[in-house]
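The following paragraphs go through a strand pairing, then aromatic contacts, then charges placed over rings.

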Amino acid sequence: MKKQVKNNVYWVGYLDWDLQKFHGDDFTIHHGSSQNAYLVQEEKTVLIDTVWAPHHFEFIENLKSEIDLKSIDYIIVNHGENDHSGSLPALMKEIPDTPIYCTANAVKSLEGQYGKLGWNFHVVHTGDTLDIGNGKKFTFVEMAMLHWPDSMAEFLSGDNILFSMDAFGQHYAVGEMFADLADQEVLWSEAMRYYVNIVSPFAPMVTKKVKDLKALNLPIEMIAPSHGAIWRKDPMKIVDAYADWAGNYKEDMVTVVYGTMWHGTEKIAHAIADEIHRQSPSTLVKVYNVDHTEKDDIMNDVFRSKAIAVGSPTILNGVLATMAGFLYYYKSLKPKAKKAAVFGCYGWSGEGNKVLRQMLTDAKCEVVDAEVKSSWNPEAGDFDKVPELVTELLK
């Protein structure tokens with residue numbers, strides 16, 4: 001069933017209420033998601049993207065119930081990732097000669113995933129246009145590395161809608177379709193989680209593309225992303241948020257992340273949190289056990305924080321595998337420089353703090369000299385080191 005977005009523009013995507021994981025198991029879904037595809041019916045009929053392969057039958061049958069598939073004049077593929085192109089092979093069996101408008105990298109992506117099937121590709125670049133009649137046209141904007149090399153967006157004149165692909169989206173199933181009708185707390189939390197865990201590694205490109213987009217002076221009245229809610233009231237608010245997040249974004253917040261074997265490192269983590277509250281009562285403190293919390297949820301608060309404290313017991317001359325995995329993930333997101341401190345317990349060799357320090361340094365953190373390193377269980381002398389660590393961390 002299609003839903004009207006504006007005038008002759010309709011949503012024909014898939015609401016995935018039950019989705020729990022994304023990008024394999026890397027991203028945790030808390031509120032469902034959507035794969036947004038759009039149908040534009042002017043003198044020419046245009047389909048913008050499809051949906052994930054598991055939903056291809058429902059997607060195509062829904063389209064058939066609304067239009068004759070042979071009436072589709074053009075297909076726009078903004079991004080080759082399977083959650084947006086997965087239904088394309090089945091659709092192209094129905095309408096094999098339909099022109100597909102996409103970037104050169106999208107051709108490589110689609111043929112790499114589905115094979116060279118002789119599809120009728122039309123490669124576009126920033127500034128290229130597609131006239132669809134009734135005084136309306138699409139203007140294409142390449143969005144390389146937001147978040148794949150093949151990504152692009154397009155602006156529909158007349159309706160003044162920017163179809164922004166993965167940029168400005170959220171993994172959030174919004175039955176009401178529009179952002180202003182969604183739960184605002186969930187909406188903005190999920191918009192940030194999406195940015196942090198999917199888009200933030202490309203922050204320099206975000207900064208550039210936001211500037212480029214604003215320089216085009218497009219009269220954007222609506223932003224329709226490929227996941228989550230459509231922004232129709234003050235749509236540039238999410239663009240401004242991306243610009244802010246891509247800069248040196250920090251809140252008055254510290255996140256403490258730890259792993260523990262026999263609760264010793266946990267005790268130090270809690271002592272650090274208590275000391276932060278004592279020294280800076282206005283600072284928000286979050287404490288996470290890395291074994292009990294999804295890494296993308298931890299990362300969201302780490303991103304918001306001005307500083308972090310990271311702790312692990314020493315095990316096998318290193319740190320807990322879950323902590324090493326989290327810090328590898330942290331580094332992979334190419335975070336901005338951040339203050340950090342290390343702590344942990346050990347029984348025999350005690351290399352844990354050194355390993356943490358190196359991993360955080362590799363992730364461009366400024367690691368303070370003060371640390372807490374406790375032999376076996378922390379005692380009074382170990383806890384006495386906490387104030388100095390916190391003081392350095394909060395400088």
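Buried means under 20% relative accessible area, exposed over 50%, and partly exposed in between, with a 1.4 Å probe and protein chains only. Helices (H or I, at least four residues) and strands (E, at least two) are DSSP runs, numbered from the N terminus. This is a predicted model, in which local features need pLDDT of at least 70 and side-chain atom pairs count only at pLDDT 80 or more, while totals for chains, interfaces and linings use all residues. Residues are numbered from 1 along each chain as its sequence is written, and side-chain values use heavy atoms, leaving out hydrogens and water.

In a regular strand the side chains alternate between the two faces of the sheet. In strand β16 (residues 222–225), Met 222 and Ala 224 point one way, Ile 223 and Pro 225 the other, and all are buried. Strand β15 (residues 161–165) runs parallel to β16 and is joined to it by 4 bridges; two strands pair if DSSP finds at least two bridges between them. Leu 162 is opposite Ile 223 of β16.

The whole structure holds 16 aromatic pairs. Rings of Phe, Tyr and Trp (its six-membered ring) pair if their centres lie within 6.5 Å; planes under 30 degrees apart count as stacked, over 60 as edge-to-face and the rest as tilted. Tyr 74 and Tyr 101 form an edge-to-face pair, 5.4 Å centre to centre with 85° between the planes. Tyr 74 counts as buried because its relative accessibility is 15%.

The charged end of Arg 232 sits over the ring of Phe 178, 3.9 Å from its centre; this requires NZ of Lys or CZ of Arg within 6 Å of the ring centre and within 35 degrees of the ring normal.
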